[in-house]
Amino acid sequence: MDIDYRQAFDLAPVGLALSRNRTMIDCNQQLCDMFGATKDQLVGQSFQVLYPSADEFERLGARMAPLLNRNGTYADDRIMKRLDGRFKGETFWCHVSGRALNPSAPHEAGIWTFEDLSALRPVRAELTPREREVAAYLMQGQTSKQIGKTLEISHRTVEIYRARLMRKYKASTTADLVHKLMAS
């Protein structure tokens, strides 16, 4: 049996995108459905349209480049934004993983998967861009010092953001906060 790779790409159970210099050059219907967009609205666009803010897009791109350089792959859970449709502007948790086709030029070309986690992990509070970043790292089990180093801010600043998250989620401990962030 011959495998039709185009059909496999189009029918994959996760969102798929091919990129060049952080611009989508192709995507499947699952990605379009996830972000409430048409293929015409995504192909040729920067991935920035899928982020809650341009700042988050830039910061994440800068942080992932060294990791893509090292082993050619990257994965994380992050809050993304629906582009259009009945949920236009809605933020949601998404698992994103990708591979650079040329690890020495990580953003040159790649393939990316997107998995909508909103059914398992709804966004329950309005969060600032930095709160979204801190929340994502807390869910990975990172300490304030580790998060601070990654985000290039002091661990005390991370603790301030963590305290804000705890108030917004009515959490009494960091473990309780992580549980509430991950709960459905």
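How many nonpolar, polar and charged residues are in the lining of the largest pocket? We will come to that after a look at the fold.

## About the model

This is a predicted model, in which local features need pLDDT of at least 70 and side-chain atom pairs count only at pLDDT 80 or more, while totals for chains, interfaces and linings use all residues. Residues are numbered from 1 along each chain as its sequence is written, and side-chain values use heavy atoms, leaving out hydrogens and water.

Strand 3 is joined to the antiparallel strand 4 (residues 91–100) by nine bridges. Arg-78 has Cys-94 of strand 4 as its bridge partner.

## Helix packing

## The largest pocket

Back to our opening question: the lining of the largest pocket divides into nine nonpolar, two polar and eight charged residues. Here Gly counts as polar, and Tyr and Cys as nonpolar. Helix 4, strand 3 and helix 5 each give two or more residues to this lining.

A pocket is an open set of points on a 1 Å grid over the protein atoms alone, where a 1.4 Å probe fits, with protein on both sides within 12 Å along at least five of seven lines; lining residues have an atom within 4 Å of a point. Of the 19 lining residues, Leu-60, Arg-63, Tyr-74, Asp-76 and Tyr-137 are the closest to the centre of the largest pocket.

Terms used: Two strands pair if DSSP finds at least two bridges between them. Helices (H or I, at least four residues) and strands (E, at least two) are DSSP runs, numbered from the N terminus.
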